Amino acid sequence: MLTVIIECRDQETELAQTLSVLVAGAVEGLVGDVAVLDRGAKDASARIADAAGCRYHADEELRDVLLAARGEWLLLIEPGARPQPGWIDEIAEHISLDGRPARFSPSRNYRPSLLRRLFGRLPPLENGMLIDRKRALAKVREGMSLSDLARGEKALRLVSEMVPAWAARS
């Protein structure tokens with residue numbers, strides 16, 4: 001079973017877009033629960049998370065969110081990011097056959113500008129992060145964000161693509 005964790009702040013529209021895609025994973029039995037970690041938002045993120053059946057954590061430490069996760073595997077994604085078709089089967093297969101962290105492939109339809117690709121750094125969660133809970137708990141420190149947890153983690157690249165969160169804002 002998989003726990004999806006999304007960290008947001010005043011991103012209710014993007015959160016709703018991501019949650020709508022995750023419904024298919026819940027129906028297939030892959031996604032067991034979704035946790036929304038909200039760091040001081042003043043929007044309707046709490047109501048959206050509640051309506052979608054997510055656990056809502058307001059200003060909690062990341063370690064507490066990880067300890068409350070029901071799944072042995074975690075999918076860390078940004079609000080607005082959307083896994084593309086095929087992600088459910090591929091993640092289920094990866095979890096059952098391979099114990100290493102993984103990331104989605106970048107979307108072919110939503111590519112950063114050439115300048116950003118050449119000179120910029122991609123955010124650590126631009127392509128999500130699939131990681132087992134034990135590994136994440138061993139790495140987490142006080143005050144860490146989801147991006148900090150994913151930063152520097154060597155990961156396999158899945159074939160399935162993810163539309164990045166920035167595409168939802170453009």
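With which residue does Arg55 form a salt bridge, and how far apart are the closest N and O atoms? I work here from a predicted model, and in it I find Arg55 paired with Asp33, the closest N and O atoms being 2.5 Å apart. Arg55 lies in strand 3 and Asp33 in strand 2, so I note that the pair ties together parts that are 22 residues apart in sequence. I then looked up accessibility: Arg55 is buried at 17%, and Asp33 is buried at 6%.

Next I turned to Arg108, which forms a salt bridge with Glu161, with 2.5 Å between the closest N and O atoms. Because Arg108 lies in the loop between strand 6 and helix 5 and Glu161 in strand 8, this pair ties together parts that are 53 residues apart in sequence. I record Arg108 as exposed at 66% relative accessible area, whereas Glu161 is buried at 12%.

My search of the whole structure gives seven salt bridges. Among them I list Asp148 with Arg151, at 2.7 Å from N to O, where Asp148 is partly exposed at 30% and Arg151 is partly exposed at 45%. I also find Arg135, Lys139 and Glu153 linked in a network of salt bridges.

Last, the loops. Arg111 sits in the loop between strand 6 and helix 5 and is exposed at 52%; its C-alpha atom is 9.0 Å from that of Ala167, 56 residues apart along the chain. Asn127, in the loop between helix 5 and strand 7, is buried at 9%, and I see that Asn127 touches residues including Arg103, Phe104 and Met162.

Key: Residues are numbered from 1 along each chain as its sequence is written. This is a predicted model: local features need pLDDT of at least 70, side-chain atom pairs count only at pLDDT 80 or more; totals for chains, interfaces and linings use all residues. Side-chain values use heavy atoms; hydrogens and water are left out. Helices (H or I, at least four residues) and strands (E, at least two) are DSSP runs, numbered from the N terminus. Buried means under 20% relative accessible area, exposed over 50%, partly exposed in between (1.4 Å probe, protein chains only). Contact means heavy atoms within 4.5 Å. A salt bridge is a side-chain nitrogen of Lys or Arg within 4 Å of a carboxyl oxygen of Asp or Glu. Lists of a residue's contacts leave out its neighbours within four places in sequence.
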